[in-house]
Amino acid sequence: MNNFCRLMGDKIYLAPFRNDEEALNLYTSWINDEEIGMYIMHNFSVFSLEKEKEWAEKAAKSGNNFSIIEKETDKLIGTCSIRAHANNLDFSLGIMIGDKNSRNKGYGTEAISLLLKYGFCELRAHRIWLSLNAENKRAHKCYLKNGLRDCGILHENIFFNGHYGDSIIMEILEQDYFSK
């Protein structure tokens with residue numbers, strides 16, 4: 001599969017969002033994985049291939065949704081996005097490294113770095129923020145490495161594995177991004 005590069009990193013690149021059959025099968029398996037679902041706060045339902053196809057078609061059309069591609073192999077390993085809010089000054093981001101063999105290799109950290117650069121330098125964001133499951137220590141560490149800081153906790157706002165859990169709200173402001 002040809003992946004077209006949009007944002008180039010050292011180990012990965014972000015390509016326009018793929019919604020072909022191969023990608024849809026991967027997305028569906030990833031989103032239905034219990035660990036991934038818990039960490040991206042989608043553990044409340046099972047997603048069919050048809051439901052995932054609907055989501056992927058919307059994501060491909062909306063822009064600022066990307067496929068994460070391992071540079072060395074051109075392998076699709078995950079997805080990420082940056083979405084505008086509040087008069088295009090605030091943006092939220094999200095990421096999923098779906099391929100389990102591609103975790104703990106710095107790919108997520110690099111993808112976040114590319115999204116932040118894109119958000120602040122090309123989209124002219126003032127703030128980029130996210131919400132994450134407080135138990136997702138790996139993601140929290142990745143965001144901290146990229147300069148995001150904790151700015152709040154939503155207590156017991158998610159339910160998974162039979163208990164309530166907290167979400168951490170994180171952000172980085174334009175002036176903080178450019179001063180690092």
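Along the sequence, the protein follows the pattern β-β-α-α-α-β-β-β-α-β-α-β-β-α. That gives 6 helices and 8 strands. The model is a predicted one. Of the 180 residues in the protein, 47% are buried. Among contacts between residues at least 6 apart in sequence, 61% join residues at least 24 apart.

**Ser81, in a strand**
- Ser81 is placed in strand S4, which spans residues 75-85.
- Ser81 has a relative accessible area of 7%, and it counts as buried because that value is under 20%.
- Leaving aside residues up to four places away in sequence, Ser81 touches Asn64, Asn65, Ser92, Leu93, Gly94 and Leu115.
- The side chain of Ser81 also makes a polar contact of 3.4 Å with the side chain of Arg83.
- Phe17 is 64 residues from Ser81 along the chain, and the C-alpha atoms of the two are separated by 9.2 Å.

**Ser102, in a loop**
- Ser102 sits in the loop between strand S5 (90-97) and helix H4 (107-122).
- With a relative accessible area of 4%, Ser102 is buried.
- The side chains of Ser102 and Asp99 are joined by a polar contact of 2.5 Å.
- Ser102 touches Ile77, Ile97 and Tyr107, when residues up to four places away in sequence are not counted.

**Ser131, in a strand**
- Ser131 belongs to strand S6, made up of residues 127-133.
- The relative accessibility of Ser131 is 31%, so this residue counts as partly exposed, the class between 20% and 50%.
- Ser131 and Met170 are 39 residues apart in sequence, while their C-alpha atoms are 6.3 Å apart in space.

**Helices H4 and H5**
- Helix H4 packs against helix H5 (residues 137-145) at an angle of about 45°, and the two axes are 9 Å apart.
- H4 and H5 are therefore oblique to each other, because the angle falls in neither the roughly parallel range, under 35 degrees, nor the roughly perpendicular range, 65 to 115.
- The crossing of H4 and H5 is right-handed.
- On the H4 side the contact is made by Gly108, Thr109 and Ile112, and on the H5 side by Cys142, Tyr143 and Lys145.
- Sorted by class, the residues in the contact of H4 with H5 are 3 nonpolar, 2 polar and 1 charged.

**Residues with positive phi**
- Most residues other than glycine have a negative phi.
- Asp74 is not a glycine, yet it has a positive phi of about 60°.
- Asp74 lies in the loop between strand S3 (65-70) and S4.
- Asp74 counts as partly exposed, at 39% relative accessibility.
- Arg124 is a residue other than glycine that also has a positive phi, near 60°.
- The loop between H4 and S6 holds Arg124.
- At 66% relative accessibility, Arg124 counts as exposed, because the value is over 50%.

How values were computed: Residues numbered from 1 in each chain as written. Predicted model: local features only at pLDDT ≥ 70, side-chain atom pairs only at ≥ 80, totals over all residues. Heavy atoms only, no water. Helix = DSSP H or I, 4+ residues; strand = E, 2+ residues; numbered from the N terminus. Buried < 20%, exposed > 50% of the residue type's maximum accessible area, 1.4 Å probe, protein only. Contact = heavy atoms within 4.5 Å. Polar contact = N/O pair within 3.5 Å; in protein donor to acceptor, adjacent residues only side chain to side chain. Axes fitted to C-alpha atoms, helices over the stretch in contact; angles between N-to-C directions. Parallel < 35°, antiparallel > 145°, perpendicular 65-115°, else oblique. Left-handed = near helix turned anticlockwise from the far one by under 90°. Nonpolar A, V, L, I, M, F, W, Y, C, P; charged D, E, K, R; others polar.
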